[in-house]
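Have the model open as you read.

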Amino acid sequence: MRKTLRSFTPFSFIRGAAALGLLLAGSLAQADEPLKLGTTAAFVPPLEVAVEEARAQGLEVKLVEFTDWIAPNVSLANGDIDLNYFQHIPFLENAKQEGGYDLVPVARGVINNVGLYSKKHKDFASLPEGASVAIANDPINGGRALQLLEKAGLIQLKPGVGYKATQQDITANPRKLKIIELEAVQLVRALDEVDLALGYPHYIRLAGTHDAESALLFDGLDYPEYIIQFVAQPQKAKDPRILKFIEIYQSSPKVRAALDKSNGKLYQAGWES
């Protein structure tokens, strides 16, 4: 069968070149758009410094602050932002399960330490039998509290249960601790009533009723699952803008100084572990 050859004319060349030009222009416009990064209040000051550092290196970043812990993942899944930074792996996995999101961790950030605090006792040895202990009542922070109680030698958990631990996973409680589950934001107030409580340093600082650095025990990089993660959609995980911003955040002396100012000694750089 004889094939018909497609004719080539100057007009078809011009039309094709114009289409290619529009395509390239669209790609360049996309590349020139600022990187949209979602976060929450606790992480804003150091991120603002990183944004300024990025701008100095030719990368525009728009910081979007959210007032709750649900919207950052909704916005990321919808493509309204390119990246978020506010959550650790357990929180992300729970959010993915509940919301059906397709999101992945891209790189490590900091880990904000939490601690076991007491206004009544100076050490764990002073805790009486039957001491009252307040922990968070949500599955993520409650599991973190139980891990910390195990680290303190006060309870034992089923091997390998990790951050998914619940009170049903306690295999030994020699002090017969009475574990009370409360809303996380109420734990600071509970310090006046209980023998021991899980505490979040930033909440304690805001309350002004206790020294945030006075916990009997802090967690840290022994629980790397609580390192805050930069999170993106899978198809954007290798976006050069994202990788460049993360490199700035992790390596800039100015950002490290801002982290020190915001968190004092109660954080660690998770990317260094």
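In which sense do β3 and strand β13 (residues 229-232) pair, and over how many bridges? They pair in the antiparallel sense, over three bridges.

## Ground rules

This is a predicted model, where local features need pLDDT of at least 70 and side-chain atom pairs count only at pLDDT 80 or more, while totals for chains, interfaces and linings use all residues. Residues are numbered from 1 along each chain as its sequence is written, and side-chain values use heavy atoms, with hydrogens and water left out.

## Around β3

Strands here are DSSP runs of E, at least two residues, numbered from the N terminus; two of them pair if DSSP finds at least two bridges between them.

Why is β3 (residues 83-87) largely enclosed by the rest of the structure? Because five of its five residues are buried, meaning under 20% relative accessible area with a 1.4 Å probe, protein chains only.

## T40

T40 belongs to strand β1 (residues 35-40) and is buried, at 7% relative accessible area. Beyond its neighbours within four places in sequence, its contacts (heavy atoms within 4.5 Å) include W69, P72, Y85 and F86.

## The open sheet

Elsewhere, five strands make an open sheet with mixed pairing, ordered β10-β7-β11-β6-β12. Its edge strands are β10 (178-182) and β12 (217-218), each pairing on one side only. β12 runs antiparallel to β6 (residues 115-117) through two bridges, with G115 partnered by F218.

Notes
Helix = DSSP H or I, 4+ residues; strand = E, 2+ residues; numbered from the N terminus. Buried < 20%, exposed > 50% of the residue type's maximum accessible area, 1.4 Å probe, protein only.
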